[in-house]
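Visitor: Please zoom in on one chain and walk me through it slowly, then show me how its neighbours look. I'd like the cut-offs spelled out along the way.

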Amino acid sequence: MKSIGIIANPASGKDIRRLVSHATVVDNNEKVNIVKRIILSAQGCGVDRIYIMPDTFLIGYKAIEDLKISRELKIDVEILNMNIKGNVMDTIQATKIMEEKGVKCLVVLGGDGTNRAVAKSITTTPLIGVSTGTNNVYPQMIEGTVVGMAAGIMATGICSIDDCCSKDKRVEIFRDGQLIDIALVDCVISRQKYVGSKAIWNMEDIDMVIVSRAHPASIGFSTIVGTSLIVRTDDDFGALIQVNTGSHRVKAPVAAGTIREISVGEVRSLKLDEAFYFKPGYNGIMALDGEREVPFKVGEEYQIKVTRNGPYRVIIDKTLELAQRNGFFKR
Amino acid sequence: MDLSNEKLIQMYRTMKRIREFETKAAELFAEGRIPGFVHLYIGEEAVATGVCANLKDSDYITSTHRGHGHIIAKGGDLKYMFAELFGRETGYCKGKGGSMHIADADRGILGANGIVGAGHNIAVGAGLSAKYRDTDQVCVCFFGDGSTNQGTFHEALNMASIWKLPVIFVCENNLYGISMHQSRHQAIQDVADRAVAYNMPGVVVDGNDVLAVYEAAKEAVDRARNGQGPTLIECKTYRHRGHFEGDPTVYRDEEEVKEWLQKDPIPRLVEFMLDNNVVTEEEIKKIDEEIAAEIKEAIKFAEESPFPPVEAAVEDIYTDIVEEVRS
Amino acid sequence: MKTITYSEAIREGMRKRMRENPNVFILGEDVGEFGGCFGVTGDLVKEFGEKRVRDTPISEGAIVGCAVGAASTGLRPIAELMFIDFVTVGMDQLVNQAAKMRYMFGGKISLPMVVRMPTGAGSRAAAQHSQSLEAWLTHVPGLKVVYPSTPQDAYGLILSAIDDDNPVVFLEHKLLYAMSGEVDLDIEPIPLGLADVKREGEDVTIIATAKMVHEALAAAEELAKEGIEAEVVDPRSLFPLDKETIFKSVEKTNRVVIATEETKRGSYAGELAAIIAEECFDYLDAPITRVCCLDTPIPFSPVLEDYVVPDSKDIIDAVKKLL
């Protein structure tokens with residue numbers, strides 16, 4: 001079976017960043033359209049079965065229905081039979097089911113939160129994160145047709161994971177020795193206390209940033225590191241930096257449309273698997289890939305590590321180039 | 001930015017006042033002591049509370065048929081509210097409006113409204129007025145998901161946007177337009193998507209998390225005061241009770257109700273406050289007792305108030321004309 | 001005294017109040033640079049700018065609703081609907097909001113707003129641009145309804161309408177816009193609820209509104225040639241209604257013809273007839289007669305429209321039947 005999976009999050013692209021960083025709300029009917037383009041493109045590239053996560057907006061059903069009406073759908077597209085909760089658990093569960101079904105590539109439409117949820121449970125299946133908004137650090141802005149082609153190439157096995165994918169790093173958060181959460185790109189430690197509207201944008205509350213990778217072009221809090229030190233995806237280290245303290249000043253694109261000048265300490269690199277111990281002296285919250293997720297309290301003990309336990313991420317250009325060299329597109 | 005303990009406690013108090021007011025209203029209605037219809041806000045308290053916590057007395061709101069919560073959050077007096085529900089002379093509207101028409105011009109409450117979708121354009125007018133008079137006032141327009149299928153919604157967003165008016169459109173998406181699930185009454189899941197068509201920011205927040213609502217509303221209110229124009233905030237929420245008291249709610253299944261009851265905004269805030277040492281259990285108990293006493297007092301005030309004289313029926317139609325009484 | 005048109009008289013009235021009170025403003029479709037669909041707002045935007053002479057999108061609900069919101073928060077809006085026929089689109093805002101807010105809120109709010117509506121047939125505009133819907137509007141407690149027939153009345157009444165603290169529907173007959181007349185721009189506002197006897201007579205009372213006032217006056221001239229002296233009473237304001245002037249005339253003439261441009265069924269003319277029958281029955285020597293449009297939509301073709309809409313000949317016929 002040359003199968004792929006599609007997870008499309010109906011809730012992505014709508015959060016408070018629409019207000020605080022000049023982003024546009026992403027409408028779900030466009031997500032349906034993107035899914036349709038991925039299906040058609042994957043179908044055209046040899047995929048014979050596609051699994052789609054069910055969701056509250058029925059993105060998968062709508063895509064299938066439309067493609068049946070237009071008589072363009074030739075392959076089996078199946079919506080996973082699972083109960084949905086309308087929250088992040090759906091993504092985690094769908095990822096597991098799709099891996100059990102043996103999909104050769106998992107396409108994820110959503111923001112950092114959605115990709116992070118997939119990354120929590122995915123094992124060896126290559127991942128393509130498709131950004132559906134303006135403010136993402138992990139998923140890429142890329143046309144669905146190209147995504148479908150790359151997924152199709154992975155499904156047909158003409159290129160191997162080793163050749164086309166990057167095994168990503170991630171930031172792991174441990175409390176009392178237990179892994180409690182992860183970030184794909186950055187973990188921000190903030191003095192803010194509550195989850196609220198999730199996104200984090202108030203610079204003055206931030207204490208520290210820990211990154212798995214950093215680059216000035218990778219908009220978000222990781223740029224606070226990235227403007228001083230580039231940390232590439234293939235570098236075997238991460239980094240951390242103290243914020244709102246220290247003698248250095250950097251300017252960094254901490255959010256879309258927002259360049260901020262910030263006082264920082266020295267960048268410190270973190271070797272893979274090296275534990276950074278964090279004993280909070282105040283109650284606050286950790287934001288993972290830009291979303292406030294883990295509240296912490298005085299007296300708790302945390303270990304934060306950068307590891308190579310992230311997902312296999314399909315490098316789209318490389319995959320298409322390799323496929324071309326292998327004659328994939330020749331008839 | 002972080003919320004002060006004082007603000008958190010104030011928001012708890014508001015939510016609890018709404019909850020208790022509505023719970024009592026349900027009881028009184030069931031006992032036949034309140035005539036007419038009542039549409040209760042139980043379950044949606046975080047929306048009115050989180051939004052109105054950003055407003056001043058001089059700011060405006062327009063409300064809906066499910067308006068008690070908005071009025072309480074904007075500073076309405078429970079005594080006059082109950083008196084109005086009882087149809088008494090001392091009520092906010094001298095007994096002429098009832099549950100669906102409570103207004104308090106002194107607090108910028110431009111009225112609950114019995115017509116679904118009617119508040120949108122009135123809010124635009126109030127926003128225009130604030131801008132015209134060069135004040136820093138804003139107007140919050142509360143409405144449900146069902147009303148976004150009315151033409152007025154689209155007219156209002158369009159007008160507010162072209163004129164960059166200080167209006168915050170707050171959609172309380174409780175998933176149902178009366179009995180019709182949102183998936184059946186509109187081809188979108190997020191009302192916020194509609195903001196795109198009117199060139200304004202649209203944002204979705206968890207309407208059962210008062211802190212999330214507060215944050216989003218704060219940004220939107222700031223934008224409005226700064227002259228940056230309108231915002232559409234969609235709060236995902238749920239009414240614990242039927243569309244109106246007496247609604248058998250055959251259209252929603254028990255599982256769904258159960259799930260949403262678990263997301264009840266009030267225990268969520270309590271848990272956060274206890275967890276962060278904002279208040280103690282004793283302090284909460286004390287607040288609850290104060291509210292219970294206030295409500296008891298308000299009901300007593302209402303029930304002991306006289307009904308209006310029948311001749312009052314012909315007054316207040318115009319500022320200068322009193323209609324003829326029955327001869 | 002100055003000779004100006006009905007349309008200019010309305011404009012000058014608005015100009016006067018806008019100069020005096022910065023909270024008076026105009027909103028409506030094409031009222032700005034375009035000057036209004038019938039040219040009533042004319043050059044006002046030049047004097048007062050776009051803030052106070054505000055072009056709106058084609059959204060009648062929003063125009064009326066916006067006026068309601070503005071009026072309830074301290075301004076005095078004058079909203080223009082391009083045709084009275086379009087009030088259907090803004091009807092909720094007018095009927096359920098503007099008219100009822102003060103009452104529903106126990107008198108704790110007032111709505112000083114005017115909604116101007118070009119009204120009436122005769123411009124070959126067919127069924128959706130020619131109606132006379134005054135019965136709908138006078139039916140609603142909470143609205144005042146004004147309908148002037150001359151430039152001077154239009155001027156005096158628009159001043160009062162703007163000064164009024166209640167929602168006032170200001171009807172303007174489209175065929176009167178170009179009518180010229182002597183207007184005293186320094187007069188006191190004409191109070192709402194004051195009728196005007198446009199011609200005195202002893203034999204019959206013709207109560208007429210707007211353009212029908214002129215048809216009635218023409219009819220009266222014809223009738224005079226035959227020795228019949230008709231009194232023409234123009235209520236000017238439909239609500240509040242000056243019953244006293246009407247009753248006084250009925251007492252004198254004992255015969256009543258009511259001429260309006262509405263379709264007869266359910267008309268305001270019917271309401272006038274009922275009031276007179278209820279309160280002046282003893283003075284009547286003949287049945288009250290209504291001269292109205294036929295009960296049809298207004299047709300397009302000039303021959304059809306002229307057939308449907310009443311004129312002086314119909315009034316003459318009606319009067320003669322009573323004598």
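Guide: Let's start with chain B, which has 11 helices and 7 strands. Here, helices (H or I, at least four residues) and strands (E, at least two) are DSSP runs, numbered from the N terminus. Chain B is as compact as a globular protein of its length, because its radius of gyration is 19 Å, close to the 20 Å that the globule rule gives for 327 residues. That radius is taken over C-alpha atoms, and the rule is 2.2 Å times the number of residues to the power 0.38.

A word on bookkeeping: this is a predicted model, so local features need pLDDT of at least 70 and side-chain atom pairs count only at pLDDT 80 or more, while totals for chains, interfaces and linings use all residues. Residues are numbered from 1 along each chain as its sequence is written, and chains are lettered from A and ligands numbered from 1 in the order in which they are written.

Back to chain B: its C-alpha trace spans about 55 × 50 × 40 Å along the principal axes.

Now for the side facing its neighbour. In chain B, 24 residues are in contact with 21 residues of chain A. The elements of chain B giving two or more residues to that side are β6 (202–206) and α8 (210–225), and α8(B) has the largest share, with 6 residues. By class, that side of chain B divides into 14 nonpolar, 4 polar and 6 charged residues. Nonpolar covers Ala, Val, Leu, Ile, Met, Phe, Trp, Tyr, Cys and Pro, charged covers Asp, Glu, Lys and Arg, and the others, Gly among them, are polar.

Look also at the loop between α7 (182–185) and β6 of chain B, where you'll find Asn199(B). Its phi is near 50°, a positive value in a residue other than glycine. Asn199(B) counts as partly exposed because it has 14 C-beta neighbours inside 10 Å.

Over in chain A, Lys198(A) has phi near 75°, again positive in a residue other than glycine. Lys198(A) sits in the loop between β9 (186–190) and β10 (206–211) of chain A, and with 19 C-beta neighbours inside 10 Å it counts as partly exposed.

An automatic or database domain assignment divides chain C into domain 1 (2–183) and domain 2 (196–322).

Within chain C, β4 (residues 76–80) and β5 (residues 114–119) run parallel, joined by 3 bridges. There, Glu80(C) stands opposite Arg116(C) in β5(C).

One last stop: the peptide bond from Phe239(C) to Pro240(C) is cis, with omega near -5°. Pro240(C) lies in the loop between β12 (237–239) and α8 (243–253) of chain C.

Methods:
Two residues are in contact if their C-beta atoms, placed from the backbone, lie within 7 Å. A residue is buried if 20 or more other C-beta atoms lie within 10 Å of its own, exposed if 12 or fewer, and partly exposed in between; C-beta atoms are placed from the backbone. Two strands pair if DSSP finds at least two bridges between them.
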